[in-house]
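Here are some exercises to work through with the model open beside you. Try each task before you read its solution.

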Amino acid sequence: MTSLIDRRAPGPKKSLSFRTFLALAAGKSAAHATRLAGRGGGTSITGMVARRLDPRVLERLVRDQGVPVVAITGSNGKTTTARFTAALLRGEGVTVSHNSAGANLIQGITSLAVSYADLRGDLPDGVLVVEVDEGALPKVAPELAPRALLVTDLFRDQLDRFGEIYAVADAIESVAAGLPPESALIVNGDDPMVAMLARSRRGRRITFGLEIERSTDRITRAADTIRCPKCRSDLEYRFVYLSHMGDYSCPSCGFQRPRLDVAVTELEVVGLDRTRMEIQTSSGKLEIEIPQSGVHIAYDAAAAIAILVGLGVSLEHAAESLGAVGPAFGRLETIDADGRALLLAFAKNPTSYNTTLRALATEEEPRQLLIAASNTLVDGEDFGWLWDVDFETMAPKVERAVVSGTRADELANRLKYAGVPAERLTIVEDRRAALDAALADLPADCRLVVLTGYTPLIELRNEMMRRGWTGRYWAV
Amino acid sequence: MTELDAAADTTAAAAVAPGTAAAAVAPAPAPLGEHAPIRIAHLYPSLLNVAGDGGNLIAISRRAEWRGIAVEVEAVEKGQTPDFRRFDIVLFHGGQDVEMAVVAEDFQKQAPSLREAVAEGTIVFAVCAGLQLLGHRYISSAGEVMQGAGILDLETRGGPQRFMQHAACEVTIHGETQMVVGFENHSGLTELGPGCEPFGRMVAGAGNNGLNGLEGARSGNVFATYLHGPCLPKNPWLADQLIRIALSRAEGVAPSLVDLAPLDDELERRAHDVALAKAMANRGRRTALEPARLVRGLKK
């Protein structure tokens with residue numbers, strides 16, 4: 001198999017237009033200015049400024065120069081999968097640039113390209129691994145012309161942003177169908193809707209999933225898309241692995257899980273900090289242990305390996321590379337807060353909430369809780385899905401919860417109805433004050449579980465960094 | 001069983017074959033100061049499960065239980081045809097197009113029994129797809145027709161845009177008027193016939209069709225709205241009205257005379273007021289955002 005990671009510009013290299021140069025220069029200085037002003041890393045301002053000056057700056061830097069791109073989209077697991085992919089590629093000696101900050105909308109991706117490019121418009125050698133918001137994909141994909149496109153899964157995530165999950169699936173399907181045949185489409189075969197959208201694909205296609213003889217989850221209220229995406233009958237599951245993902249078939253039209261090219265054949269989740277698995281590919285079996293916990297970690301690892309298979313890159317150092325990837329930003333990350341232990345967990349939809357709550361339950365957590373939800377554009381406006389989260393199981397354990405964020409009201413009410421007595425709930429909207437309040441009465445032998453959506457996570461994380469807490473990991 | 005785990009203990013007894021539950025049709029007279037259990041049917045919980053509407057069931061259940069009133073919840077899934085007369089409240093929630101089509105077909109078999117129950121005063125609380133399927137029909141923008149139950153005199157057509165925003169309306173029940181808030185997310189355009197009245201009058205948001213300022217539909221004890229949110233947890237007054245009506249049927253008194261213990265609703269009021277403020281900030285906008293624009297990734 002030939003490798004898809006060589007740079008191949010469609011024609012002789014053209015020099016940069018003045019307009020693109022201007023966009024590059026202005027974008028880079030905007031980032032610099034924001035950082036100087038102490039307003040974060042300037043992750044989207046760069047792209048915003050650059051696109052204002054040259055709306056085609058991203059395609060000029062990436063597509064027109066033949067930069068090999070891996071695009072990762074879907075509802076969950078984009079960040080972890082991108083990190084796994086980057087680690088695997090680096091392990092095989094490939095240079096990688098990627099958007100690790102989770103800035104996955106068009107401005108953030110443009111920022112990535114602008115900040116990596118030099119002033120002649122050249123990006124570093126090697127592969128650009130890009131996490132793309134599933135709603136932004138139709139606009140972003142043509143500008144990137146990815147060599148590999150991965151769809152992780154499709155969950156009901158922020159209905160108010162997309163209207164309906166089916167519209168998102170249709171949009172991704174047209175992007176996938178429009179890829180050149182030699183590019184690789186990589187899909188999660190265990191997710192019926194994702195498997196369905198890959199059916200119209202003509203060209204290279206790789207499927208991944210789990211192939212273990214037991215269920216690791218059950219269908220809950222939060223699950224969706226368990227109707228057959230083809231004929232709408234109820235799907236039958238031989239095994240359920242995670243939410244609606246599993247080994248399924250449709251009793252009425254025969255639609256079923258496709259054959260898997262990359263399959264997790266053994267899986268063991270060890271406590272809150274490790275996952276062991278065996279992954280089967282056409283070229284052999286890989287034994288992998290990752291210092292992160294959960295069934296979703298196995299999916300992300302299989303996805304990243306499937307990307308390398310799709311790109312035609314070897315997997316000689318896979319175990320070593322993945323074995324070194326610790327939790328991403330806020331994914332069950334343990335932090336030393338001046339001698340007190342803090343467990344930071346990111347949850348953005350019913351599925352990620354339920355996954356996190358289940359993991360915490362194995363340790364009889366959370367007892368002391370700081371929980372936050374905010375409605376910004378990134379987090380969504382409608383928080384109705386909070387009522388689909390299984391807080392009921394968590395409620396009896398909670399001794400005290402500080403509720404924060406701009407939607408603390410909705411969240412506190414939800415927790416009350418889940419069974420946390422109102423007198424155990426304290427609303428402190430301000431994130432910094434909430435952190436102080438939660439730590440103030442923390443019993444000495446107890447750790448504080450911080451469970452939060454995207455925007456409060458960043459705010460809390462920044463505050464922790466300011467206090468010098470992050471970067472020092474506890475051995476759990 | 002997809003029902004709430006927390007409600008499972010009271011649910012188990014009710015989730016048996018229809019014949020054995022017949023004993024519950026005639027509740028024993030409630031001792032002084034106590035109330036008979038409230039029997040709730042939750043329609044298609046595994047199909048109609050978007051936008052947290054299940055929170056409506058949680059709200060009614062908890063608010064009853066906090067007052068010492070037992071709640072029996074029965075999930076009614078596809079293929080089941082219970083006698084709806086044995087329920088006090090029927091919850092019929094929203095769903096996406098695919099699930100709604102599955103429900104529409106199955107609901108034809110349930111409609112006659114539900115119609116009889118409604119005639120005897122059973123309460124129905126319906127949201128979005130539930131509202132649409134209680135009407136005569138839903139005609140999609142492609143011209144496909146889904147038959148409804150005809151329990152409410154209304155008809156819905158698929159519209160070109162989606163109303164997605166916080167909304168507020170004034171609702172009057174038994175002479176008492178309150179502001180009800182929620183989140184609307186629908187593209188159907190509903191027109192009411194003379195046989196039903198609106199559920200509320202819009203104060204902020206689009207309502208049934210973005211034109212006439214009407215929200216939802218009401219006919220007797222049948223309440224239908226487009227408000228997700230979910231609606232009942234942040235509108236405790238409305239949740240309590242449904243509980244009152246349910247108890248009044250068993251106790252043979254007017255709903256306003258039902259002795260319902262007051263609860264501490266501070267958190268509920270706060271959630272209500274935040275949602276109201278958000279709705280008022282959008283006031284005057286008939287539509288929010290078009291999904292096509294969002295799907296293209298423009299998040300302005």
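**Exercise 1.** In which loop of chain B is Pro230(B) found?

*Solution.* Let us begin with the ground rules. This is a predicted model, in which local features need pLDDT of at least 70 and side-chain atom pairs count only at pLDDT 80 or more, while totals for chains, interfaces and linings use all residues. Residues are numbered from 1 along each chain as its sequence is written, and chains are lettered from A and ligands numbered from 1 in the order in which they are written.

Step 1: look between β13 (227-228) and α5 of chain B, for that loop holds Pro230(B). Helices (H or I, at least four residues) and strands (E, at least two) are DSSP runs, numbered from the N terminus.

Step 2: The peptide bond from Gly229(B) to Pro230(B) is cis, and its omega is near -10 degrees.

Step 3: now turn to chain A. A cis bond also leads from Glu365(A) to Pro366(A), with omega near -5 degrees. Pro366(A) sits in the loop between α12 (350-361) and β14 (368-372) of chain A.

**Exercise 2.** Describe how α2(B) and α5(B) cross, and list the residues that meet.

*Solution.* Step 1: recall what to look for. Two packed helices are described by the angle between their axes and the distance between the axes.

Step 1: apply this. The axes of α2 (residues 55-65) and α5 (residues 236-251) of chain B come within 10 Å and cross at roughly 70 degrees. Axes are lines fitted to C-alpha atoms, for helices over the stretch in contact, and angles run from 0 to 180 degrees between N-to-C directions.

Step 2: name the arrangement. α2(B) and α5(B) are therefore roughly perpendicular to each other (angles under 35 degrees count as roughly parallel, over 145 as roughly antiparallel, 65 to 115 as roughly perpendicular and the rest as oblique).

Step 3: find the partners. From α2(B), Ala59(B), Ile60(B), Arg63(B) and Ala64(B) meet Pro236(B), Ala239(B), Asp240(B), Leu242(B) and Ile243(B) of α5(B); two residues are in contact if their C-beta atoms, placed from the backbone, lie within 7 Å.

**Exercise 3.** In what order do the six strands of the open sheet in chain B lie?

*Solution.* Step 1: read across the sheet. The order is β2-β1-β3-β4-β12-β11 (chain B), with mixed pairing; two strands pair if DSSP finds at least two bridges between them.

Step 1: find the edges. β2 (71-76) and β11 (217-219) of chain B each have a single partner strand, so one side of each is left without a neighbour in the sheet.

Step 2: zoom in on one pair. Strand β1 (residues 38-43) of chain B and β2(B) run parallel and are joined by six bridges. His42(B) stands opposite Ala75(B) in β2(B).

Step 3: bring back the helix. α5(B) lies across β1, β3 (89-92) and β4 (123-127) of chain B, at about 155 degrees to β4(B).

**Exercise 4.** Is Cys128(B) buried or exposed?

*Solution.* Step 1: locate Cys128(B) in the loop between β4 and α4 (129-134) of chain B.

Step 1: look at its backbone. Cys128(B) is not a glycine, yet its phi is positive, at about 55 degrees.

Step 2: count neighbours. Cys128(B) has 26 C-beta neighbours inside 10 Å, so it counts as buried (buried means 20 or more other C-beta atoms within 10 Å of its own, exposed 12 or fewer, and partly exposed in between, with C-beta atoms placed from the backbone).
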